[in-house]
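Me: I would like to learn how to read a structure feature by feature. Could we go through one together?

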Amino acid sequence: MSGTPSTPASPPDGDDAAAGKSFRTPIGTHDLAPPESGRWVALLGTFIGLADRAGFGYLQTPIFEDIGVFARIGEGTDVVGKEMYEFFDRSDRHLALRPECTASVCRAFAQHRPTTPWKVWYQGPFFRYEAPQAGRYRQFHQIGAETLGTDDADADVEIIALAAEFFHSIGLQRVPLLVNSMGDADTRAAYGEALSTYLQQRAGDVDPEDRDKIERHPLRILDSKRAATEAVAAEAPQITDYLNAETAAHFERVREGLTALGIEHRVEPKLVRGLDYYTRTTFEFRAASLDAAQDTVCGGGRYNGLVEALGGPPTPGIGFALGIERLLLACDAEGVFDVPTQRAEVWVIDTAGGAAARDLTHELRSVGIRADRAFDDRSMRAQMRAADRSGAEIALIVGTDEIDAGTVTVRPLRRPDGGSTGMAQQTVPHADLLGTLRRIFDELNAEGGT
């Protein structure tokens, strides 16, 4: 999307709104609503806890930047050439919605010059104009982490371990880790020449959609998911044969570290990043439960040159990004990390006009109890049905008699196995309510309830 904005004309008679058109989400986007949104919150909470313990702080960057920030990704890539949402604002600035976050992280580093090593994590929406597929949207969402300012191979291990521990924490088991090394600039130059020679000899076997890459950027041939190109790539020279002593030692240190931490991995020589700033370690976690064409749930690597390209000092970095939508598809395929139950602990039933329910739910919430109520002055029967549907363990009943006496009737609703509880209903002074609730919760917990 591009072009300078203009004042919209008045809608004609019979326009969409007047005609009562039912609007829907744009193609390639989706609403996130309860209860599924609770799953996202839990997923983020799990990642945040792991990142915090590892010393990573939260970085939030704008969802749009100067288009030059993302042009550094690579002028010949599909992301820059075909997929970016770009536009001019009212001051004629050329901007783009972010298609990924590594460039934004490096722009932030170059702008703010923080103390190194700078360890940050991020999350949020990203945008690419491409054909929507399962787990792939035009507005999609990622979680990622980056460490800038160190070339230490152990920083690579730490980043990979963060991703691996996250997958373990949400129950995913079928996500093998593939690793490789891109070497350094000399490695890429020597390998690029050998690969180019090979691909020119096999150009007729490469998918027509990929042939123009042979001259412009042969490494991107290895990223292709087209069957004919993949067959050619499978017989191509391997970049690991061109590592020098320093980069080979770095890669070996990474592998030793992963082994020491019990992180299983496999070297995949065809795993390369076709972007000019990637160096040394590159890695992917692939979900064996998903279709092979869309099985990458997390990808990352080490990069040099990007911070400098964005106005900063020479700064090495390593990081990863994982797509939330595709990750949850992998969870579904393995039957793990279900939508969490978000039910009330206490349901307040008010047959005296609603004010007591309003005040009592507020009181309970202020001390950390999940409390809810019905509205619209419903009947006692309707409120009890709502309490039962809510999954609450306890109903609190307040009528005119309770209000006059300063009491609350406490009715436990269910046993740990989901049936009606055998604990007796009781009416207690309002001042004793919290103590009574805590005793009931303790009894339920001791019996294996929630």
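Me: Leaving aside its neighbours within four places in sequence, which residues is Gln-142 in contact with?

Reply: A word of caution comes before the contacts: this is a predicted model. Once neighbours within four places in sequence are set aside, Gln-142 is in contact with Tyr-122, Gln-123, Gly-124 and Phe-126, and also with Ala-321, Leu-322, Gly-323 and Ile-324. Gln-142 itself belongs to strand 6, residues 139-148.

Me: Is Gln-142 buried or exposed?

Reply: Buried means under 20% relative accessible area. Gln-142 has 13%, so it counts as buried.

Me: What does Arg-266 touch beyond its neighbours within four places in sequence?

Reply: Arg-266 is in contact with Leu-177, Leu-178 and Val-179. The chain positions of Arg-266 and Leu-178 are 88 residues apart, while their C-alpha atoms are separated by 5.0 Å. Arg-266 sits in strand 8, residues 266-267, and is partly exposed at 44% relative accessible area.

Me: Next, helices. How should I read the buried residues of one?

Reply: Start with the general idea. An α-helix has 3.6 residues a turn, so residues three or four places apart point the same way. Now take helix 15, residues 433-446, with 14 residues and a reach of 20 Å from first C-alpha to last, close to the expected 20 Å. Its buried residues are Leu-433, Thr-436, Leu-437, Ile-440, Phe-441 and Leu-444. Because these cover an arc of only 135° around the axis, they lie on the same side of helix 15.

Me: How do the axes of helix 1 and helix 11 cross?

Reply: Angles of 65 to 115 degrees count as roughly perpendicular. The axes of helix 1 (residues 36-53) and helix 11 (residues 324-334) cross at roughly 100° and come within 12 Å, and the two helices are therefore roughly perpendicular to each other.

Me: Cys-331 is a cysteine. How many disulfides does the structure hold, and why is Cys-331 not in a bond?

Reply: The structure holds zero disulfides. A disulfide needs two cysteine sulfur atoms within 2.5 Å. The closest cysteine sulfur to that of Cys-331 is in Cys-298, 13 Å away, which is too far for a bond. Both residues are buried, Cys-331 at 0% relative accessible area and Cys-298 at 1%.

Me: Last, the backbone. Where are the cis peptide bonds?

Reply: One joins Pro-34 and Pro-35, with omega about 5°, and Pro-35 is in the segment before helix 1. Another joins Thr-116 and Pro-117, with omega about -5°. Pro-117 lies in the loop between helix 4 (102-112) and strand 5 (118-127).

Conventions. Residues are numbered from 1 along each chain as its sequence is written. This is a predicted model: local features need pLDDT of at least 70, side-chain atom pairs count only at pLDDT 80 or more; totals for chains, interfaces and linings use all residues. Side-chain values use heavy atoms; hydrogens and water are left out. Helices (H or I, at least four residues) and strands (E, at least two) are DSSP runs, numbered from the N terminus. The expected span of a helix is 1.5 Å times one less than its number of residues. Buried means under 20% relative accessible area, exposed over 50%, partly exposed in between (1.4 Å probe, protein chains only). The arc is that of the directions from the helix axis to the C-beta atoms. Contact means heavy atoms within 4.5 Å. Axes are lines fitted to C-alpha atoms, for helices over the stretch in contact, and angles run from 0 to 180 degrees between N-to-C directions. Angles under 35 degrees count as roughly parallel, over 145 as roughly antiparallel, 65 to 115 as roughly perpendicular and the rest as oblique.
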